[in-house]
Amino acid sequence: MPAEAFHEWLGREGRIVIVGASLAGLRAAETLRAEGFAGSLTMIGDEPYEPYDRPPLSKAVLLGKASPDHTELPRRRDIDATWRLGVAAAGLDMAGKRVRLADGEEVPYDRLLIATGVRARPWPKDDEAQLDGVLVLRTRNDAVRLHRRMKAPPRRVLVIGAGFTGSEIASACRDQGITVTVAERADAPLVGALGGVIGSVAAELHRENGVDLRTGIMVTGLEGDATGRVRAAHLSDGSVVETDLVVVSLGATRNTDWLAGSGLGAGPRGIACDAGCRAFDFRGIVTDDIYVAGDVARSPHPLFGYQFLSLEHWGNAVAQAEVAAHNMISASADRRPHMWVPAFWSSQFGVNIKSVGVPSMGEEVMITQGSLTERRFVGVYGYQGRVIAAVSFDNTRWLEFYQRLIETGAPFPVEFTTVDRRPEGRKPVPADFPDPSLPTHGPTVTLSGYSPADRQLVFRPARH
C-alpha cells in the first residue's frame, strides 16, 4: 500500500483507544465519529459510570436540586464504542502500543488519547484521612456521600481550603442552614486563582453569609473518637474546632501515576503536549500517535507567552478534546492548534463569578465596571503592559469584550471613555497573589514553564 494511501486508511480506520471516560473523552469520541472515523473505538474509565458532568456536584447536587444519578452528559451522537468501565489504566507500553489495565488485560491501539483528568487531593495524613466523616468532593460517589451526610444534618462542617470548590461547599452549607467553618491557609478565599484584591471581596461574602472563616491558618491535625469518627480539628493558632464532618478541599492531583516509566513527558503537573495536543516523550520529542486533552494536559499557549498551561476548566476540556480528535485523524497539513482562551465560572452565596484569561499571571488589577463594595464589578488584570485576564462578580456581559482584548494583546491599563469609572477604579493596584512557592489549593490555571519535561536548561551568555 502506498504511504499516502496507508495514512489515509489509518486516519479513518484502525484502532483508537481513549483513556478517561470523561467530558474530554466523550467529546473527543463524538468528534472522531462526526469527522468520519470508522474504525474501532474503546473507552476506558476507572469509574463504573459513563461520562457525567462534574460542576453540578458542588452546586445543584449539594443543594438537593439535582440528583447525582442524573448528571450524565448529553450525547451529541452515537459513538459506537466498546466501553471498559470500572477498571483503571495501570500502564502504557509505547513501543508495543498497548494500554495495560488494572485487571491485567492489555488493550492495543493505533492511536491513543489520554483524558484522565484529575482527582481530589486527599488529606495528607493517612490515618486521619480514614476517619469516618472526612470526605473529598470530585466524583459522583463523593457527591452522594457528602449529600447524605449534609442531610443528617451535621452539627458543624469544617471545610479545609477556600478555593472555588471549598467556597461552593461552604455556600451550599449555609443555604441549608448548616453551621460551617472554613480554614484557609492564605489571607482570603480564592487568592490562588484571583488574587488578594478580589479575595477580600470573597471573604466578605463568606462572613456576611454566616461562615466562620478562619484565614492565614492551617489545620494541623484531625482527631477521631473511640469509634473512629472525626470529632475535632486542631488549628495552627492552637484553637480546636469541634466537627463531625470535614471536607478536604485542597485542590487536585493530575492522574498521571499510571504512566510512570512509560517514557511519556508526564508528571505531577500533567502530560506535556504541543499546541496540536500531541504528547511529548520524556526527552521532549513529540509523538505522533499519542494525544492529550482536558485537565491532565499541559500545552503551550501563544497568547500567554507560550507558557505551558494546565487548565482545570470545563470549556477547555471540550475545546481541547475536539482539537485532539480532529488532529488524530487528519494529515499534518490539516491539523489545527488548540488556542482556547481559558474561562471559568462559579456560583456561591448568590453571586455569579466568571473569569476569562489567566488571572494568576496578573501583576496588577483595576476595577473597570461597577464597584467592589457593591460586589458587582469587573476587574481587569495586566501583565507586562497588556491585558491578560478579567473577572466579573454578577456582571458577565462585559467579559466577551475583555476576551477580545486578551486575544489582541490590548495594552494595560485600559483606557476607554465609555468604561464606568468609579474612584476605586481609576488606577491599577497590585493584584496581590500569594508567593507561588507556598503550597495552597492553587489556581484553576497553572503555569508550568516552557519545558516539556521537568528539567530546566538555562542559557547563560558569555560576558565580554
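In helix α5, the residues F164, G166, S167, E168, I169, A170, S171, A172 and C173 are buried, where buried means under 20% relative accessible area, exposed over 50% and partly exposed in between (1.4 Å probe, protein chains only). Nine of the twelve residues of α5 are thus buried, and the helix is mostly covered. Helix α5 comprises residues 164–175 and reaches 16 Å from its first C-alpha to its last, close to the 16 Å expected at 1.5 Å a residue; the expected span is 1.5 Å times one less than the number of residues. Just after α5, G177 takes a positive phi of about 75 degrees. Helices (H or I, at least four residues) and strands (E, at least two) are DSSP runs, numbered from the N terminus.

This is a predicted model, in which local features need pLDDT of at least 70 and side-chain atom pairs count only at pLDDT 80 or more, while totals for chains, interfaces and linings use all residues. Residues are numbered from 1 along each chain as its sequence is written, and side-chain values use heavy atoms, with hydrogens and water left out. The protein averages a pLDDT of 88, pLDDT being the predictor's confidence in each residue, from 0 to 100.

The bridge partner of V19 in β7 is I114.

R84 forms one with E105, the closest N and O atoms being 3.1 Å apart. This pair links distant parts of the chain, with R84 in strand β3 and E105 in the loop between β5 (98–101) and β6 (106–108). Another joins D289 to K97, with closest N and O atoms 3.2 Å apart. D289 lies in strand β21 and K97 in the loop between β4 (89–93) and β5, so the pair ties together parts that are 192 residues apart in sequence. D289 counts as buried at 18% relative accessibility, whereas K97 is partly exposed at 28%.

Conventions:
Two strands pair if DSSP finds at least two bridges between them. A salt bridge is a side-chain nitrogen of Lys or Arg within 4 Å of a carboxyl oxygen of Asp or Glu.
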